[in-house]
Amino acid sequence: MAFVAGLIATLFLAGYFRGCRVKALVAITGAGLVLPVLVAFTSFVYPADPEARMWAAIAIPVSYLWGMTAAGLGYGVAAL
């Protein structure tokens with residue numbers, strides 16, 4: 001559930017950056033950082049699931065990929 005909420009937050013943040021006329025590279029990269037920060041927070045700061053900490057080395061880069069994808073989509077949709 002937190003992962004989906006992070007993706008939705010990334011979409012809206014990228015759209016907000018588009019509305020504020022932030023350059024695409026900065027907006028997508030910045031908004032794409034929401035999801036890896038969320039994953040790192042849940043696996044290291046608030047270790048609710050011990051397996052999340054074990055898989056963090058893979059999950060954080062993969063979540064950045066998904067975050068960048070969601071941010072690019074949000075940035076593009078905001079242009080419509």
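How many helices and strands does the secondary structure of the protein come to? I counted 5 helices and 0 strands, where helices (H or I, at least four residues) and strands (E, at least two) are DSSP runs numbered from the N terminus.

I noted that this is a predicted model, in which local features need pLDDT of at least 70 and side-chain atom pairs pLDDT 80 or more, while totals for chains, interfaces and linings use all residues. Residues are numbered from 1 along each chain as its sequence is written, and side-chain values use heavy atoms, without hydrogens and water.

Entry on helix packing. I looked up helix α1 (residues 2-19) and helix α3 (residues 34-45), which pack at an angle of about 155° with axes 9 Å apart; axes are lines fitted to C-alpha atoms over the stretch in contact, and angles run from 0 to 180 degrees between N-to-C directions. That makes α1 roughly antiparallel to α3 (angles over 145 degrees). Contact means heavy atoms within 4.5 Å. I found Ala2, Phe3, Gly6, Leu7, Ala9, Thr10 and Leu13 of α1 in contact with α3, through Val34, Leu35, Leu38 and Val39.

Entry on Ser63. I placed Ser63 in helix α5 (residues 56-79). Is Ser63 buried or exposed? Ser63 counts as buried because its relative accessibility is 2% (buried is under 20% relative accessible area, exposed over 50%, with a 1.4 Å probe and protein chains only). A polar atom of the Ser63 side chain lies 2.8 Å from the backbone oxygen of Ile60. Leaving aside residues up to four places away in sequence, Ser63 touches Phe3, Leu35, Pro36 and Val39.

Note on methods: Angles under 35 degrees count as roughly parallel, over 145 as roughly antiparallel, 65 to 115 as roughly perpendicular and the rest as oblique. A polar contact is a pair of N or O atoms within 3.5 Å; within protein, one must be able to donate a hydrogen and the other to accept it, and residues adjacent in sequence count only if both atoms are side-chain atoms.
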